[in-house]
Amino acid sequence: MEKQPNLLESIPYLITGDSYHTVARYDIHSQKKVAQLGYFVLIPTLLWFITGYLAQSMLLGSSISSSILTGAICGFFIFIIERSIVMARNSHWFLIIIRGLLGFVVACLGSFVIDLAVFKSDIDNAAVEIYRNKINIQRDSLGKIESMWTERLNVEMAGSGKNGQRGVGNISKELKSQALQVKEIKIRVDSVWALEERAILNPKDSLHNEIMEKLSLNTIAHRTLIFHELIKRDSMIAVVWILLFILGLLIEIIPFVTKLFTSKSAYELDIDAAEN
């Protein structure tokens with residue numbers, strides 16, 4: 001009576017499309033090769049499930065259900081690609097190059113999203129700093145306008161203005177009103193900025209999504225631009241980015257490399273002979 005595989009033993013065979021009982025008749029190398037290829041397909045599949053989930057939940061701020069659905073779609077897509085690679089037998093060199101390039105592109109996309117998720121806090125802080133600089137420019141401009149009105153008010157009150165009268169007059173009242181309006185605008189800007197800064201850094205804040213949309217931080221493209229600026233400014237972030245990219249690339253091409261560069265098992269040689 002033939003041995004029936006348990007769940008863990010049958011998973012790689014379901015992935016590669018090989019028969020467990022057929023491969024069991026071959027040497028241990030043939031059995032290990034099928035198991036390796038099957039499990040190696042799962043690694044980038046799981047990675048892409050996580051990548052899709054993170055992109056949807058952390059970067060775009062979507063719900064858990066839609067994030068899981070996105071992760072499942074991404075994982076399924078990568079599973080199909082990787083499974084087609086490990087199931088392929090004799091291939092023309094051109095197809096091998098295409099599969100290698102496809103793996104490289106997929107790895108780049110995966111590591112790119114992972115980078116945005118890993119450095120989310122750094123990107124948010126950088127965005128806050130950029131926005132703070134804009135607010136400071138606006139405050140400086142308002143401060144100059146307030147100083148201008150205040151200076152004109154002082155000149156008018158000193159009697160050196162247009163009507164030449166000292167003390168409070170119609171013109172001085174108007175100048176004082178203008179200066180107070182500008183001051184109120186400054187106070188309002190500071191108050192709004194304090195609320196927005198807290199909202200950006202706190203996803204649970206009721207204004208978080210609104211502010212993120214206002215600053216375009218809920219778009220991957222804008223976050224990518226900020227991240228590239230961080231890479232230019234911070235060598236440590238650049239090093240971690242390179243390491244994550246290499247790690248993502250290696251994980252993505254594991255099935256391809258194993259299939260192409262490891263010696264063929266007796267089982268694979270028999271399959272190739274039968275197909276030829």
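The following is a short exchange about a predicted model of a protein chain.

Me: What should I know about the model and its numbering?
Reply: This is a predicted model, in which local features need pLDDT of at least 70 and side-chain atom pairs count only at pLDDT 80 or more, while totals for chains, interfaces and linings use all residues. Residues are numbered from 1 along each chain as its sequence is written, and side-chain values use heavy atoms, leaving out hydrogens and water.

Me: How many helices and strands does the protein chain have?
Reply: The protein chain has 11 helices and zero strands. Helices (H or I, at least four residues) and strands (E, at least two) are DSSP runs, numbered from the N terminus.

Me: What share of the residues is buried?
Reply: Of the 276 residues in the protein chain, 36% are buried. Buried means under 20% relative accessible area, exposed over 50%, and partly exposed in between (1.4 Å probe, protein chains only).

Me: Where does T16 lie, and is it buried or exposed?
Reply: T16 belongs to helix 1, which covers residues 7–16. With a relative accessible area of 4%, T16 is buried.

Me: Which residues is T16 in contact with?
Reply: Setting aside neighbours within four places in sequence, T16 is in contact with V34, L37, G38, R83, V86 and M87. Contact here means heavy atoms within 4.5 Å.

Me: New topic: how do helix 9 and helix 10 cross?
Reply: The axes of helix 9 (residues 220–233) and helix 10 (residues 235–261) come within 5 Å and cross at roughly 115 degrees. Axes are lines fitted to C-alpha atoms, for helices over the stretch in contact, and angles run from 0 to 180 degrees between N-to-C directions. The two helices are therefore roughly perpendicular to each other; angles under 35 degrees count as roughly parallel, over 145 as roughly antiparallel, 65 to 115 as roughly perpendicular and the rest as oblique.

Me: Which residues meet there?
Reply: From helix 9, F227, L230, I231 and R233 meet S235, I237, A238 and W241 of helix 10.

Me: And how many salt bridges does the structure hold?
Reply: The structure holds one salt bridge, that is, a side-chain nitrogen of Lys or Arg within 4 Å of a carboxyl oxygen of Asp or Glu. The side chains of E229 and K232 form it, at 3.7 Å from N to O.

Me: How are E229 and K232 placed in helix 9?
Reply: E229 and K232 are three residues apart in helix 9, and so are separated by about one helical turn. E229 is partly exposed, at 40% relative accessibility, whereas K232 is exposed, with a relative accessible area of 67%.
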